[in-house]
Amino acid sequence: MSQSVCILGVTGSIGQSTLKILQQHSEKYSVFAVTAHSRILELVEICKQYRPKIVVVPSNKVDELKQYFQNQNLKNIEILSGEAGLIAVAEHTDVDVVMAAIVGAAGLLPTLAAVKAGKRVLLANKEALVMSGELMMQAAHDYHAELLPVDSEHNAIFQCLPQNYFQTERNGQPKQGVSRILLTASGGPFLNHSFEQLQRVTPAQACKHPNWSMGQKISVDSATLMNKGLELIEACHLFAISEQFVTVVVHPQSIIHSMVQYVDGSTLAQMGNPDMCTPIAHALAWPDRIQTHVPALDLFMNQHLDFQEPDTTRFPALKLARQAMQSGGLAPAILNAANEIAVAAFLKNKIGFTEIPQVVEQTLNQVESGIAESIDLILQADQVARSVAQQIVINKGN
């Protein structure tokens, strides 16, 4: 029987890769609902091809979409809008699988709704877990949801862990013979830049990742290494492990996606060509495997695999993320909010590349971090952090 899929963020790179897999296995999966934020023309094309039952867009895009649907004679597709619409499709009774691929904090509530509805949630939105890790993991446990990581690194770790790993207590200690998680990082496009060179980096250069094709926000995060910091926080929550047992390893080729070390001296690595279709297909079909168009790794072509320690002096974002995880509570949500504001400001040329972590650090110092007891408190901290970060950006511009 075919499974119906809801794709939150269908026009982004993860959404597009998900559609490729669903198309390749149309006998197994069907598209039930899709959501998009601003690329309405692309959304219309997707609707023409996949005929979802429901589409969600921001409320100010509804009339425009209706007009396109009318012109293209696209009937019987229900249009919902805003956050309420996102939540409605994420928890819809006819949906089996939710691909959570909305970038940033905007993905938090719909992802949580899918978890509370007991869905299989393919998690590509790392910010949702960074902001509300403990609450999200508790909800997954309470509502028997399957939370499967799609980020290539976390998916690799998931594949390298023992099968019974998740049946033991979540206490931050490595278990089932695991001793350490090795989280790989490509190092981004500026791995060998001096601090002086980093100060002159442009948004166009920062968005050009050497190995992956990604959206602007995640590309800049990858260049500052904040992406790895967010992934470190995500890994701690997903795998119930304290940050001192997670080591970041810079591996420029992006062939080994992450590794798990064991107490007997073994290190298991998951390897593959850098293509998001592999982790998406793995999470969709787990515990089975399905075919993708991604070619198998040619070891004769990839003869050199390099590893080095990250430089947190040139790339302080990684250190800030680790500190936020150590602090716990609302600190990761504050870190994430400040980073979103700082990256947006950099992309508009309002601040320099090296000022991104400065904005984050100053925001963390200015916003009080309490206990993350509820989603309301988390969202409140998110808003406060955004306005503080915004003010810091304005001050830097003066």
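Is Glu-27 buried or exposed? Glu-27 is exposed, at a relative accessible area of 51%. Keep in mind that this is a predicted model.

Let me start with the salt bridges. The structure holds 14 of them. Glu-27 pairs with Lys-28, 3.8 Å from N to O. Lys-28 is partly exposed, at 38%. Next, Glu-42 and Arg-39 meet at 4.0 Å, N to O. Both partners are partly exposed: Glu-42 has a relative accessible area of 37%, and Arg-39 has 40%.

Now compare Lys-228 and Glu-231. Their closest N and O atoms are 2.5 Å apart. The two residues sit in helix 11, 3 residues apart, about one turn of the helix. Lys-228 is buried, with a relative accessible area of 5%. Glu-231 is buried too, at 1%.

On to the second largest pocket. Its volume is about 1200 Å³. The lining has 39 residues, and nearest the centre lie Met-137, Leu-147, Phe-166, Arg-170 and Leu-238. By type, the lining residues are 19 nonpolar, 13 polar and 7 charged. Helix 6 gives the largest share, 5 residues. Helix 11, at 226-238, is among the elements that supply at least two.

Last, the core. The largest nonpolar core has 135 residues. Leu-43, Val-55, Met-99, Phe-239, Leu-335 and Phe-353 touch the most other members. Helix 14, residues 331-347, contributes the largest share, 11 residues. Take Phe-353: leaving out residues up to four places away in sequence, its contacts include Phe-190, Leu-198, Val-201 and Phe-346. In soluble globular proteins, nonpolar side chains tend to be buried together.

Conventions:
Residues numbered from 1 in each chain as written. Predicted model: local features only at pLDDT ≥ 70, side-chain atom pairs only at ≥ 80, totals over all residues. Heavy atoms only, no water. 1 Å grid on protein atoms, 1.4 Å probe; cavity = no way out; pocket = protein on both sides within 12 Å on 5 of 7 lines; lining within 4 Å. Points joined across faces, edges and corners; volume = space filled by probe spheres on them. Helix = DSSP H or I, 4+ residues; strand = E, 2+ residues; numbered from the N terminus. Nonpolar A, V, L, I, M, F, W, Y, C, P; charged D, E, K, R; others polar. Core = buried A, V, L, I, M, F, W, Y, C linked by side-chain atoms within 4.5 Å. Buried < 20%, exposed > 50% of the residue type's maximum accessible area, 1.4 Å probe, protein only. Contact = heavy atoms within 4.5 Å. Salt bridge = Lys/Arg side-chain N within 4 Å of Asp/Glu carboxyl O.
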